[in-house]
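The two exercises below are to be worked with the sequence and coordinates at hand. Each task is followed by a solution that goes step by step.

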Amino acid sequence: MPSDTVRAPRTAGRRRSPTAPPRSFLWTRRIFLTALAGFVLLPVYVMLSSSLKPLEDVSGRCV
Amino acid sequence: MRTVARLRRAGLPYLLLLPALLLELLVHLVPMVIGIVMSFKDLTQLFLGNWGAAPWKGLGNYRVTVDVDAPVGATLLHSFVVTCAFSVLTVGLCWLLGTAAAIFLQENFRGRGLLRAVFLTPYALPIYAAVITWAFMFQRDNGLVNHVLHDQLHLTDGRPFWLLGDNSFLALLVVAVWKTWPFAFLVVMAALQNIPKDLYEAAALDGAGMVRQIRRITLPSLRPINQVLVLVLFLWSFNDFNTPYVLFGKAAPEAADLLSIHIYQSSFVTWNFGTGSAMSVLLLLFLLVVTAGYLLATSRGRKHADA
């Protein structure tokens, strides 16, 4: 492909529907839901990782 | 003959209801009445064997609990203030997180089903196991919270105590919100299903942005549900006993001394059941008054809005 070829943006010609949510809303949604999923899953991760460790390790009696 | 048959038919529902009524009486009303009776007695550990023999004290227990100049009343007042702050913050945060999550998950997108399932995890986990895990995470020396805040991000100077001192209120709040917000999410999500999509489409075509759509369509439509949701969340958080008990044990720190734990301590740690019962009765009265006032205020507001 020659370097001076002007490529049209990928979204050109595709108009957003007036009822579609704006990009700011989509980004807020992504950030909020990711943070919330992290908050919810944190204790679940601790619970799971503790359950997979040997008992001595969990109770702090390992040498 | 016809009258007897009619009486039998009319009496059958009451007969069928009788076992449930008796059970309700036994499980709820009888302990409540016994608690009220105990609050008028000088019931200490000396009368545990035969509490019926405890002398009557009249309103003495109530006088002691409401005397804010005396140690018992002062600590009860402090506990009441802590509980009010805890309840207001818990209800506000749970409602905010639940409503925001439900609104964000209203539209269909990839991963929506998975996120819905993930968000309901705290509601599905056994509460004791979950709170014990949080207590592990809040440990000062080898807890995850201090590991991330201090060792990884270097946000704190030293390793703070989370289950002692003033930080305990924050720890309790985080656990309570984590445990309770999925209920708000579930209720609001169910309520959002009843709002017709045409309303949003019409508003968008008229030029209303997302914020205006939420303010003018979503929140007014959620109003009747929110009325019940906020009340239930408030009553749950005000009476929450399991979370502080599992997180801190029998003696909660002063900053996280909720009324339920305070009453438990008064009754079962200092063996003063009379004072503990008086506090319980006062708590019951307070919650009844708040509930009645809230329902009256919100129903008036709805009538004004409908008119």
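**Exercise 1.** How many residue pairs are in polar contact between chain A and chain B? Set the count beside the other properties of the interface.

*Solution.* The model is a predicted one, in which side-chain atom pairs count only at pLDDT 80 or more. Begin with the contacts within 4.5 Å, which join 19 residues of chain A to 26 residues of chain B. Next, take the area: about 2200 Å² is buried between chain A and chain B, with 89% of it on carbon and sulfur atoms. Then count the polar contacts, which come to two residue pairs, both at pLDDT 80 or more, while the number of salt bridges between the two chains is zero. Finally, sort the side of chain A that touches chain B by class, which gives 16 nonpolar, two polar and one charged residues.

**Exercise 2.** Describe how helix α3 (residues 71-104) and helix α10 (residues 210-238) of chain B pack.

*Solution.* Start from the geometry: the two axes come within 10 Å and cross at roughly 145°, and the crossing of α3(B) past α10(B) is right-handed. Then list the partners: α3(B) contributes residues including Phe80(B), Phe86(B) and Trp95(B), and α10(B) contributes, among them, Leu222(B), Asn226(B) and Phe234(B). Sorted by class, the residues of this contact comprise 15 nonpolar, seven polar and no charged.

Definitions and conventions. Residues are numbered from 1 along each chain as its sequence is written. Chains are lettered from A and ligands numbered from 1 in the order in which they are written. This is a predicted model: local features need pLDDT of at least 70, side-chain atom pairs count only at pLDDT 80 or more; totals for chains, interfaces and linings use all residues. Side-chain values use heavy atoms; hydrogens and water are left out. Axes are lines fitted to C-alpha atoms, for helices over the stretch in contact, and angles run from 0 to 180 degrees between N-to-C directions. Helices (H or I, at least four residues) and strands (E, at least two) are DSSP runs, numbered from the N terminus. A crossing is left-handed if the near helix is turned anticlockwise from the far one by less than a right angle, and right-handed if clockwise. Ala, Val, Leu, Ile, Met, Phe, Trp, Tyr, Cys and Pro count as nonpolar, Asp, Glu, Lys and Arg as charged, and the others, Gly among them, as polar. Buried area is the accessible area (1.4 Å probe) that two parts lose on being put together, summed over both. A salt bridge is a side-chain nitrogen of Lys or Arg within 4 Å of a carboxyl oxygen of Asp or Glu. A polar contact is a pair of N or O atoms within 3.5 Å; within protein, one must be able to donate a hydrogen and the other to accept it, and residues adjacent in sequence count only if both atoms are side-chain atoms.
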